[in-house]
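Subject: Structure for you to look at

Hello,

Here is the structure I said I would pass on. Please open it and keep it in view while you read the notes.

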Amino acid sequence: MLFSRRSLLVTTTTALLTGAASRAALAQSSAANSAGTDTRFTPRTLGNPNAKAVVEEWFSLTCIHCAGFAQETLPEVKKNLIDTGKVFYIFHDFPTDQLATVAAMVARSLPPERYEPFVNSLLSNLDRWAYVKDSSPIDALQKMAAFAGMSGDTFQKVLNDQQLMQFIMNEQSDAEAKYQINATPSFRFNKKEVVSSELSYADFVKHLDESEQSEAASH
């Protein structure tokens, strides 16, 4: 079963970003992104941007199915398709709860080259932070961030970064409106087929091949 979006995420985060504050955050994030000066808002990718095939993934950092894909399938995708220059891979944050939103904010506040290793570490260790029973998930997340080189002061600033929170929520809303993304993990192959499922490597390659055949047939 997939995790569909978003329970208390909307009410909690929207309460923090209403009216003029929300509009100002959006304007600032758009300007920073356009200028290319703030890496919090730049794309997170793997592989050669000139690769023939493009695959996008929408994921939530508290989603067990996203974790399954990250551990079981993505390493093979990286080895056989991304590292060989066949696929350009694009990550999209799609948090399905408040904790996942905070984790996405932390990941994007790290240097871009640390994003994918940190995300992989979070997804590989959900029981150590997202689903801990004897401590606070936020405290556990801070410890994970510290291992990635984030200071305690920076972590606290990230928690209050409404501009970044709004950016993530806007990206999420755009994905819902444009591509009907409503569950995690979801994938878009060559800007055509959207699949919401924890794909095996064989299924991943199948959908990739089908999208390439569809693209060839349209020319």
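Predicted model: local features only at pLDDT ≥ 70, side-chain atom pairs only at ≥ 80, totals over all residues.

Residues are numbered from 1 along each chain as its sequence is written, and side-chain values use heavy atoms, with hydrogens and water left out.

The whole chain

The chain has 11 helices and seven strands; these are DSSP runs numbered from the N terminus, with at least four residues of H or I for a helix and at least two of E for a strand. Of its 219 residues, 47% are buried (under 20% relative accessible area, with exposed meaning over 50% and partly exposed in between; 1.4 Å probe, protein chains only). Among contacts (heavy atoms within 4.5 Å) between residues at least 6 apart in sequence, 76% join residues at least 24 apart.

Five strands form an open sheet in the order 2-4-3-6-7, with mixed pairing; two strands pair if DSSP finds at least two bridges between them. Strand 2 (44–46) and strand 7 (193–196) are at the edges with a single partner strand each, so one side of each has no neighbour in the sheet. Within the sheet, strand 3 (residues 53–59) and strand 6 (residues 186–189) run antiparallel and are joined by four bridges. Trp58 has Ser186 in strand 6 as its bridge partner.

Arg108

Is Arg108 buried or exposed? Arg108 counts as buried, because its relative accessibility is 5%. This residue belongs to helix 5 (residues 98–109). Its side chain makes a polar contact with the side chain of Asp93, at 2.7 Å (a pair of N or O atoms within 3.5 Å; within protein, one must be able to donate a hydrogen and the other to accept it, and residues adjacent in sequence count only if both atoms are side-chain atoms). Leaving aside neighbours within four places in sequence, the contacts of Arg108 include Phe41, Tyr115 and Phe167.

The cysteines

A search of the whole structure finds zero disulfides (pairs of cysteine sulfur atoms within 2.5 Å). Cys63 is in no disulfide, and its nearest cysteine sulfur, that of Cys66, is 3.1 Å away. Cys63 is buried at 0% relative accessibility, and Cys66 is buried with a relative accessible area of 0%.

Regards
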